[in-house]
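Look at the structure first, then read the points by topic.

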Amino acid sequence: MFEIFNDLKSFIKVDSICNDNNVFRLHYRFTVLVLVSFSILVSCRQYLGDPIDCIQNDDIPENVLETYCWVHSTFTLPEAYDQKIGIDVPHPGIDKHKPGEVRKYHAYYQWVCFTLFLQAILFYFPRYMWKFFDNGKVKTLVMGLHCCVLKPEDRSLCKILLVEYLKTHISGHTGHIVWFTVLEIYNLVNVVGQMYLMNELFGREFSTYGIDVFTFTNTDQEQRTDPMVKIFPRMTKCTFHRFGSSGGIQRHDALCILPINILNEKLYVFLWFWFVILAVLSVLVLVFRFVTILWPASRTYLLKLRCSIVDKRDLQVVMKHVTLGDWFLIYLLSKNVDSVYFKEIIHDFAVELNEDKSLWWDSESTSLYLEPEWDPYDEFENLTSSEFQEPYASGEDDI
């Protein structure tokens, strides 16, 4: 089983090239790692262990009864949760049969491992879409500039090509910021939506599950019902019917122990708190994103904050010419390019913008246009010689 978890170690590796942000990675990397790990744990306990044990005094074969109760689900009695344990009822939610009793069936535990895996897929989806749209552009543009030591000829070539690319593709990166913002919105909707779906799955008692558990641990346990037992009961009832010797229907009640719920209750306490934290972080990052969209001065500040050694006048020249999408790409480059090289790139870019007469403003759309004679991005892709790439190659990002 431990060999299975070794296959998940790729989720905790640190990429040499970053084309997103920390909160985005928490969604598709850490959360996916947690959900897949939990799914494996539950699956091993459910299919390789003993998920249910039933107690009865009749002549029904034990394996038959346990299989029946697992397949058809077990139940508890909500009215029996508030009664005294050991005096009125033997266990929380367990009481003798009464005509017209209200039953709460628990069938979710058969689907927990599959639900967790489906949740992991939904959390990884934005990463897949962003990789598809970016198509390795940030990694291609960075090349070896993320290394602090470069051969002089390689350093000059990369800087020239990068500056030429930025100059010839002004106003050509709007799709990057639009797609990334949409995926950030998806991340928030996804985590909130999954909280809602889990609340429906667990009988609409999951929305305050973490708070209830925290409150329960700080109060006298004899004075209130354990919220973990209400959602994930450890002892349940099961009713088995069969024909008797005379042809009549016989009713057999059994008590069933669900050891798997001891694991489930702990996993979902962690998931409740983690999803709440993730939702708050997702809201904050969306606020940050809309501030950068609506307040242009914040973009200059963020680039200066990312690379404090860059010349402020060069940065102002660049920001006067580029669009929001161009700024977003430059901001991603600032996360990966060495700060000294980034300063030089911004300076060279500012000089090119001031000197190049082929740049002009369209008065109606207020966008810059350039008619390039060649595309420097093609030159980036053509740099495949081993003598250039091998010293500066970064690990392939497989996830």
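In this predicted model, helix 6 buries Asp-154, Cys-158, Lys-159, Leu-161, Leu-162, Val-163, Glu-164, Tyr-165, Leu-166, Lys-167 and Thr-168. Helix 6 is also part of the cover over the buried residues of helix 14. The points below start with helix 6, then move to the whole protein and to two helix pairs.

**Helix 6**
- Helix 6 runs over residues 152-168.
- It has 17 residues, and its first and last C-alpha atoms are 24 Å apart.
- That is close to the 24 Å expected at 1.5 Å a residue.
- The buried residues of helix 6 include Asp-154, Lys-159, Glu-164 and Lys-167.

**Whole protein**
- The protein holds 16 helices and seven strands.
- Of its 399 residues, 48% are buried.
- Take the contacts between residues at least 6 apart in sequence: 78% of them join residues at least 24 apart.

**Helix 14: span and burial**
- Helix 14 covers residues 339-355.
- Its 17 residues should span 24 Å at 1.5 Å a residue, and the end C-alpha atoms are 24 Å apart, which agrees.
- Which residues of helix 14 are buried? They are Tyr-341, Phe-342, Ile-345, Ile-346, Phe-349, Ala-350 and Leu-353.
- An α-helix has 3.6 residues a turn, so residues three or four places apart point the same way.
- The cover over the buried residues of helix 14 includes helix 6, helix 11 (296-306), helix 12 and helix 13 (324-336).

**Helix 12 against helix 14**
- Helix 12 (residues 312-321) packs on helix 14 at about 55°, with the axes 8 Å apart.
- Helix 12 is therefore oblique to helix 14.
- Their crossing is left-handed.
- Helix 12 contributes Asp-314, Leu-315, Val-317, Val-318 and His-321 to the contact.
- Helix 14 contributes Ile-346, His-347, Phe-349, Ala-350, Leu-353 and Asn-354.
- By class, the contact residues of helix 12 and helix 14 are seven nonpolar, three polar and one charged.
- Ile-346, Phe-349, Ala-350 and Leu-353 meet helix 12 and are among the buried residues of helix 14.

**Helix 7 against helix 13**
- Helix 7 (residues 174-201) and helix 13 pack at about 75°, with their axes 6 Å apart.
- The two helices are therefore roughly perpendicular to each other.
- Thr-174, His-176, Ile-177 and Phe-180 of helix 7 meet Leu-324, Gly-325 and Phe-328 of helix 13.
- The contact of helix 7 with helix 13 has four nonpolar and three polar residues, and no charged ones.

Key. Residues numbered from 1 in each chain as written. Predicted model: local features only at pLDDT ≥ 70, side-chain atom pairs only at ≥ 80, totals over all residues. Heavy atoms only, no water. Axes fitted to C-alpha atoms, helices over the stretch in contact; angles between N-to-C directions. Helix = DSSP H or I, 4+ residues; strand = E, 2+ residues; numbered from the N terminus. Parallel < 35°, antiparallel > 145°, perpendicular 65-115°, else oblique. Left-handed = near helix turned anticlockwise from the far one by under 90°. Contact = heavy atoms within 4.5 Å. Nonpolar A, V, L, I, M, F, W, Y, C, P; charged D, E, K, R; others polar. Expected span 1.5 Å × (residues − 1). Buried < 20%, exposed > 50% of the residue type's maximum accessible area, 1.4 Å probe, protein only.
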